[in-house]
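Thanks for coming. I will walk through one protein structure and keep to what can be read from the model. Please look at the sequence and the picture before I go on.

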Amino acid sequence: MDSGIGVATLLDSEARGLLCRLNQIKPFVIHETMVLAAALPADAQLAIERFLHRGRERLRAKVHEFLRWLRGPGRAASAAQQQKRFVLVRLEFNAVLSQFDLFTEVVTQRSEADTGVWLSGLDALADDALRIDVEGVVPARAVCYLARGAGAAIRRAHTRLPGGQPNPVAIIRIPRERMIGSGIASSLIHEVGHQGAAHLDLVTSLRADIRRAAAAEPGGQWLTWDRWISEIVADLWSVGKLGLTSTTGLLAVVSLPKFFVFRDSEDDPHPTPYLRVLISSALGEALYPHPQWEAMRTTWKQMYPIDALPPAHRSRIEHTEAAIGKLVNLLVHHRSSALKGRELGEIWPLQERHPVHLSRLHRKWDNDVAVMARQSPSLVFAVLGQAKATGAISPETENLLLTRLLTVWAVRSSLDPARHSICRGTKVMEISSETQFE
């Protein structure tokens, strides 16, 4: 047998093996087990299944096309040409498997007891946090999963996945160690903020403002803000939705050994942790004026005094801190076409998230799960985080309430008639929060 035919036989076998492996990949709806309350939002599930199905069908067609070529005109091709064509098919095969594995990590956790239902509740929080008061903005669907490690992350919707196809949904990774106090909302909504900023193209429009300011004030800190702006905008989104809960959650994440808190990396898009907490507090003070923000800054500075830093390092920190006010002013007064002529500081629920109002709501709700379950999830997290920060509730009570509320939101979401058409006559079926926890 000559070498050309031998290579063709080998590649024919390998390509058919790819088809066998491809045929083993089943839709998640028949592959994964989970209670209904833990399921992904129906539209997100449909988008993921359609995306993966199109990828499998596209790959299957390419494998068959390769086999037809190999058994026909390709028999006269050189072994190198045959191998080159097969390698391209195999690369796409690996991309399809990578896409499947990515979503498997999201879906498989929905089968874990308690965890799956909590994740469904966090999906509801993410959905709520993506909604803003800007006409014409249609938010992407977001789904959550847990991972080891201290940092949250997002793979934004419409960004490229392995293989080059656009991601059908936003995928938010939440650190397991953040479950399940109000601090989880700070991390989650920061990641949501990256998606929201993309919807409004805020990083681009803000960078244009920052660079104009840098041209007018060469000695300012504008180049530093330019490098950090994508993370600062995400922090603004979190503060806008959560108030003090966002800053206290951030403080917990960046409470590290002193070396890391003051570390300034020239290629890191995240602000120096010490300054990041101060920026978050300044954003909160600009949106929701109250003495608590100055108290937060004082507490943070007591935890990490800068006196012992080398003089040059301390000078850089102080110089940057002094410029925070100008940055915050630029942010809250920023206008762009995506904002429909409004200022960025006006799109948040300013009255509803003011600390005085949050404390008033906590007293009014009196830790009643049935009452809180009817509110927007981000508002509830803001209220409970504010209450914990002021000592009105204990961490244990906060944990218990949020565990119950995430379950209620998951159950209600799973039986949403808009997603599943579950009705009784003309009256929508409702889930009683009291029934869930009697």
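Start with helix α11 and helix α14: α11 passes α14 in a right-handed crossing. Keep in mind throughout that this is a predicted model. Helix α11 covers residues 273–287 and helix α14 covers residues 324–332. Their axes come within 10 Å and cross at roughly 50°.

Which residues of α11 and α14 meet? On the α11 side they are L275, L278, I279, A282, L283, A286 and L287. On the α14 side they are I324, L327, V328, L331 and V332. The residues of this contact of α11 with α14 divide into 12 nonpolar, no polar and no charged. As background, nonpolar side chains tend to be buried together in soluble globular proteins.

Stay with α14 for a moment. Its buried residues include I324, L327, V328, L330, L331 and V332. What covers the buried residues of α14? The cover includes α7, at 202–216, then α8, α11, and α13, at 311–322.

Now a second pair of helices. Helix α17 takes in residues 377–389, and helix α18 takes in residues 395–414. They pack at an angle of about 175°, with their axes 10 Å apart. Since an angle over 145 degrees counts as roughly antiparallel, that makes α17 roughly antiparallel to α18. From α17, the residues in the contact are P377, V380, F381, L384, G385 and K388. From α18, they are P395, E398, L401, L402, L405, L406 and W409. This contact of α17 with α18 divides into 10 nonpolar, 1 polar and 2 charged residues.

Next, the cores. How many residues has the largest nonpolar core? It has 92 residues, and those with the most contacts inside it are W225 and Y274. Helix α8, residues 222–242, gives the most to this core, with 10 residues. Take Y274 as an example. Leaving aside neighbours within four places in sequence, Y274 is in contact with V261, F262, W300, K301, Y304, I306, I317 and E321. There is also a second, separate core of 36 residues, which includes F28, F86, V89 and L161.

A142 lies in strand β1, residues 142–147. Is A142 buried or exposed? The cut-off for buried is under 20% relative accessible area, and A142 has 3%, so A142 is buried. Not counting residues up to four places away in sequence, A142 touches D123, A126, L130, A170 and I172. A142 and R58 are 84 residues apart in sequence, and their C-alpha atoms are 25 Å apart in space.

The other one is F100, found in helix α4, residues 79–108. F100 has 10% relative accessibility and so counts as buried. F100 and L67 are 33 residues apart along the chain, and their C-alpha atoms are separated by 24 Å.

Now for backbone angles. Most residues other than glycine have a negative phi. Which phi value does H158 have? The phi of H158 is near 75°, a positive value in a residue other than glycine. H158 lies in the loop between β2, at 153–155, and β3, at 170–175. With 57% relative accessibility, H158 counts as exposed.

K340 also has a positive phi, of about 60°, although K340 is not a glycine. Where is K340 found? The residue sits in the loop between α14 and α15, the latter at 355–365. K340 counts as exposed, at 53% relative accessibility.

I will finish with the protein as a whole. The secondary structure comes to 20 helices and 5 strands. Along its principal axes, the C-alpha trace spans about 85 × 65 × 45 Å. Of the 438 residues in the protein, buried residues make up 50%. Finally, consider contacts between residues at least 6 apart in sequence: 74% of them join residues at least 24 apart. That is the end of my part.

Technical notes:
Residues numbered from 1 in each chain as written. Predicted model: local features only at pLDDT ≥ 70, side-chain atom pairs only at ≥ 80, totals over all residues. Heavy atoms only, no water. Axes fitted to C-alpha atoms, helices over the stretch in contact; angles between N-to-C directions. Helix = DSSP H or I, 4+ residues; strand = E, 2+ residues; numbered from the N terminus. Parallel < 35°, antiparallel > 145°, perpendicular 65-115°, else oblique. Contact = heavy atoms within 4.5 Å. Nonpolar A, V, L, I, M, F, W, Y, C, P; charged D, E, K, R; others polar. Left-handed = near helix turned anticlockwise from the far one by under 90°. Core = buried A, V, L, I, M, F, W, Y, C linked by side-chain atoms within 4.5 Å. Buried < 20%, exposed > 50% of the residue type's maximum accessible area, 1.4 Å probe, protein only.
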